[in-house]
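Thanks for coming, everyone. I'll keep this short. Please look at the screen.

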Amino acid sequence: MNMALRLLNQEPYAVAPRADAAVARVEVFDDFAAAEPHWRALEAGNALATPYQSFDFIRLWHRHIGADAGLSPFLVVGFNARGELLFLWPLGRRPLNGMQAIEFLGGKHINFNIGLWRRDVAARIDADGLRDILGLLRDKADIVMLANQPATWAGLANPFALLPNQPSPSFGYSGALMPDFEALYQSRASSSARKKMRRKERLLADAGAVRFNKTEGAADIRAVLADFYEQKTARTRAIGLPDVFSDAGVRRFLEAAAEAPARDGHSLLELYTLTIDDVIVATIGGIVGDGRFSAMFISIVHERFAAESPGQQLLIHMVRHCCERGLTVFDLGIGEAKYKDLFCPEAEAMFDSYWPLTAAGNLTAHVFRRVAAAKRFIKQQPALWSMVTAMRRLRARLSR
């Protein structure tokens, strides 16, 4: 394949879904403004993409988190021979042990990475075409590390799965929705389970007025997030995990995303709460796209109302709300947890890719593959994973 690599071409291109899907030119942008016309064209053209990788979401993430972490934009854009836009990979580049590494922008705050692809391109590109594109990047980086990639998305296979990869340590968890929430609930929970939850609902209502709310307005958003940070800090301390929401940049990012102007009828980051009178007992935040609600985080008030399962009660309200607004899929992100079983019974296969571009990147790729494989082995063995979580809780108790 004859293909050229250029940097920082700022001419806008339109999406042409029935045109030639063969990649003829690849350009790498190190600036969001330069890539924005291409990015937004793909978004407007019904591209294969996750909602996490929208231009607005990734730009805010980089402004508040990625730049301080040493990641610079490395936005790979493909065109056909007629200059028509084919795909955009929202990547970043950073120093790594004396080398240069390329990875998806968004870090641990993104559950699902796939890039943005014209749908016919995603269906037709082959492994040789992808290898040719990666070959063009050899003088720009030593290794490509792409984590948290779904094997399929919106009915199409992930093109990156054509190249060597390995299963991620954890699965993603999702569930199909129905217009009729009650029918969905009955199909997912037994009559005894529903009866038990109704009893918990009554017990929670005995403590005060129970309300499910969508959070809107800057003042309310910041108040809800402040409560969420407290809840998350208490929870992570109790189970011996680091609090990833304690960083000031992470907090600025969440606030900016929640306060961003709505596009396409929904906020960039949606926040919902379950309250008793004026006390927030559970919070969930997520992002919407292509008929899917993807939860980014969920928290419950520490220790209080534990017997009433406020987190499960919030999920019931949340899924009902998603059904009523016509969404078709609800997901609770990556990682195994019992609370996901009710509404997210489908384990979505995930994979990671570690591709060396230079000889220097070979050893690093090998190390990352081995570490990821070890994590998966431990997480997918219930006895081993129970030991890990028990040790974390013990360490947390001893450190108090």
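Let me start with a question: are glutamate 348 and arginine 292 buried or exposed? Glutamate 348 is buried, and arginine 292 is buried too. Buried means under 20% relative accessible area, exposed means over 50%, and partly exposed lies in between, with a 1.4 Å probe and protein chains only.

Some ground rules. This is a predicted model, where local features need pLDDT of at least 70 and side-chain atom pairs count only at pLDDT 80 or more, while totals for chains, interfaces and linings use all residues. Residues are numbered from 1 along each chain as its sequence is written, and side-chain values use heavy atoms, with hydrogens and water left out.

Back to that pair. The side chains of glutamate 348 and arginine 292 form a salt bridge, 2.9 Å from N to O. This pair links distant parts of the chain: glutamate 348 sits in strand β17 (residues 346–348), arginine 292 in strand β15 (residues 292–300), and they are 56 residues apart. Helices (H or I, at least four residues) and strands (E, at least two) are DSSP runs, numbered from the N terminus.

A salt bridge here is a side-chain nitrogen of Lys or Arg within 4 Å of a carboxyl oxygen of Asp or Glu. By that rule, the count is 14.

Next, glutamate 36 and arginine 40. Their closest N and O atoms are 2.8 Å apart, in a salt bridge. Both lie in helix α1 (residues 32–44), four residues apart, so about one helical turn separates them. Glutamate 36 is partly exposed, at 23% relative accessible area. Shared partners join Glu36, Arg40, Asp56 and Arg59 into one salt-bridge network.

Arginine 82 and glutamate 84 make another salt bridge, at 3.7 Å, N to O. Arginine 82 is exposed at 60%. Glutamate 84 counts as buried at 17%.

Now helix packing. The axes of α7 (residues 218–239) and α8 (residues 248–259) come within 10 Å and cross at roughly 145°. Axes are lines fitted to C-alpha atoms, for helices over the stretch in contact, and angles run from 0 to 180 degrees between N-to-C directions. Contact means heavy atoms within 4.5 Å. Among the residues that meet are Leu225 and Phe228 in α7, and Leu254 and Ala258 in α8.

Last stop: methionine 387, in helix α11. Methionine 387 is exposed, with a relative accessible area of 51%.

That's the tour. Over to you.
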